[in-house]
Amino acid sequence: MQPSTPTPDSPSNTNPLLDFTGMPRFEDIKPEHVEPAIRGLIDENRALIERLTADPATPTWDGFVSPMDEAGERLGRAWGVVGHLHSVFDVPEWREAYNAMLPEISRFYAEVGQNLALFQKYKALHDSPEFATLSPVRQRILEHGLRDFRLSGAELPDEQKPRFQEIQEEQSQLAAKFSENLLDATNAHAEWITDEAGLAGIPDDARHAARAAAEAEGKDGWKFTLQMPSYLPVLQYADDRDLRARMYRAYATRASELGNPELDNGPLIGRILALRDEEARMLGYRNFAEVSLVPKMADTPEQVLGFLHDLAAKAKPFAEKDLEELKAFARAELGLDTLEPWDVAYASEKLRQARYAYSDQEVKQYFPEPKVLDGLFGVIRALYRVDILPDEAPTWDPDVHFFRIEKEGELVGHFYLDLHARSTKRGGAWMDSARSRHRNTWGSDTPVAYLVCNFPGPVAGKPATFTHDDVLTLFHECGHGLHHLLTQVDELAVSGIHGVEWDAVELPSQFMENFCWEWDVLQGMTAHADTGEPLPRALYDKMIAAKNFQSGMQTVRQLEFSMFDLRLHGEVDASAGPVPIERVMALLDEVRREVAVMIPPAWHRFPHSFSHIFAGGYAAGYYSYKWAEVLSADAFEAFEEAGAGRGSLLDPETGERFWREILAVGGSRPALDSFKAFRGREPRVDALLRHSGMVAQA
């Protein structure tokens, strides 16, 4: 049931951001609504905290935690809408509205985290007789709450709290500025082709999109940008080596001192690192990496680095073999005596075609968007016996779709699907919460998710077609969405993805990717864009043969990012102030000398666009992708075992168990306990190595 209908004089009738009776009213929400709504909700929360902390009685769950959760949930939902629009509709008016309130919201959350009276109330409840009567889930919530208070500076001396609060506010502002600089720098560069001969090798759909982009600006020729659906086909297919080199350099130097100085993220990186280091030292830790790992599965930075070094030792010989083969092919078949970084994607695609007799572009024609979505929904239906049905709700763009999930006719949740790249949308792909499942004083709210990607849109009147990598990305984000939507936990703090250790949160997403390689899945989700024919078995067999093509190179690249991130936050001394970007680049070079096989040019500015760790919550946590990949490969092996000899891995009994032990429980118990409940044992790395083809041949 939904919250009660607002009264005629309720502010939600005048400010749509304050209407929590249904889905966000995207058609009504305007930038001018942000400040009064968010400021009012902050005031409401402050007043509640003041009243609750002034009450001398011993706090109870119903009288203390529940009202705090409900007030916090309203603020979180409203600010979540604002943050979402800042990500998917980053026009000047929304950017200004978001940034105007960002310091206020950051200040409020820092205040709450440092409120010693509030901390003492939670502690009093934890130490009261009621604690023993609470469910294990509620006990876990209280224990996590106390941990988070400590990490938020609640136990700092009063004279240090204002500085700690300033650190939180400035970090939020710097992260937002980092993302904005990256988006603006990405949009600032374009390559204009006026001679059709310069398009040699580039696929037709990428040409059509480039032509449409030029026409939209009233110009002749073709416009290629640094947005991934435009950039990647050039690097992968363009015969013009100079064009590839120009695009590569522009992409590699985005938001750096080598471009527009106003968009340089270098100073922001140095300042962010200094603030994180100061925060860690104030809390009594040696470095920010230690702080980051407190709420994660891993115990220490040394443990994680050991895991990464071990995986690197196993992967690097395969990566070196991959690179030698690529260089030899480029030299013999393409006349490239020196393989430059802007040649790698191009030569790799040529090698794949030569070795496996197919191209990404050929496969792409079999993945039109409507068929892919039907296939995705079919996998979810088979695994979890739920139905995904079109639904209606206001959206932020006409291109966005809205769906409902039902099980046996009962509503489970909703999600928005925003698949195509736009100039006002930040890059990448992500899932975020619009509303979490929870029980409150008026009943229960079902969860709602945003699923966002940056795929190429329809061209020339035809549906969009996706590469197989795009399909993997879609399944990945949908895995996150299912984690959020299929939860059966009613406590907000641990419902869905909430409260799940960050290095385990990628388990359900990476798990879903595995199904994109299964014949019984692919044959039902493909139809050639022109002929309607399903994916031929012969082409599928080639894809499988090429599945681990260059997996060694791909693995060491991810390990490079992970090690750089962890060492940056664990070893670089930032106690003297902002870290010079030269020190950051020197550490990256050091990491590359250990694990990389293809070293980028000295002018490459990877950190300046590494938004995962500087603007996306993955600081000292990027290793989570590989950590969780061990879990996801091992979990998928259960489906391989159940489906052996049956011709299909879409086993509903195993799917039901995965839902019950992994998805349904959210953060209500430790992730390792959930994994062991599903698998019956500790995780093993064997399945990941086997799936990646990194097992020594006998």
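Start by selecting Cys-478 and showing its side chain. Its relative accessibility is 4%, so Cys-478 counts as buried, the cut-off being under 20%. Keep in mind that you're looking at a predicted model.

How far is the sulfur of Cys-478 from the closest cysteine sulfur? The gap to the sulfur in Cys-453 is 9.5 Å, which is too far for a bond. A disulfide would need the two sulfur atoms within 2.5 Å.

Next stop: Cys-516. This one is in no disulfide either, as its nearest cysteine sulfur, that of Cys-478, sits 10 Å away. Is Cys-516 buried or exposed? With 0% relative accessibility, Cys-516 counts as buried. Go ahead and look for disulfides elsewhere, but the structure holds zero of them.

Time to zoom out and switch to cartoon view. You'll find 27 helices and nine strands in the protein. The C-alpha atoms fill a box of roughly 80 × 60 × 60 Å along the principal axes. For 698 residues, a compact globule would have a radius of gyration near 26 Å, and the protein's 25 Å agrees with that.

Buried residues account for 57% of the 698.

Now colour by charge. There are 72 positive and 110 negative side chains, and the centres of these two sets lie 3 Å apart.

Last, show contacts. Of those between residues at least 6 apart in sequence, 72% join residues at least 24 apart.

Technical notes. Residues numbered from 1 in each chain as written. Predicted model: local features only at pLDDT ≥ 70, side-chain atom pairs only at ≥ 80, totals over all residues. Heavy atoms only, no water. Helix = DSSP H or I, 4+ residues; strand = E, 2+ residues; numbered from the N terminus. Rg over C-alpha atoms; globule rule 2.2 N^0.38 Å. Buried < 20%, exposed > 50% of the residue type's maximum accessible area, 1.4 Å probe, protein only. Contact = heavy atoms within 4.5 Å. Lys, Arg positive; Asp, Glu negative; His and termini not counted. Charge placed at Lys NZ, Arg CZ, Asp CG, Glu CD.
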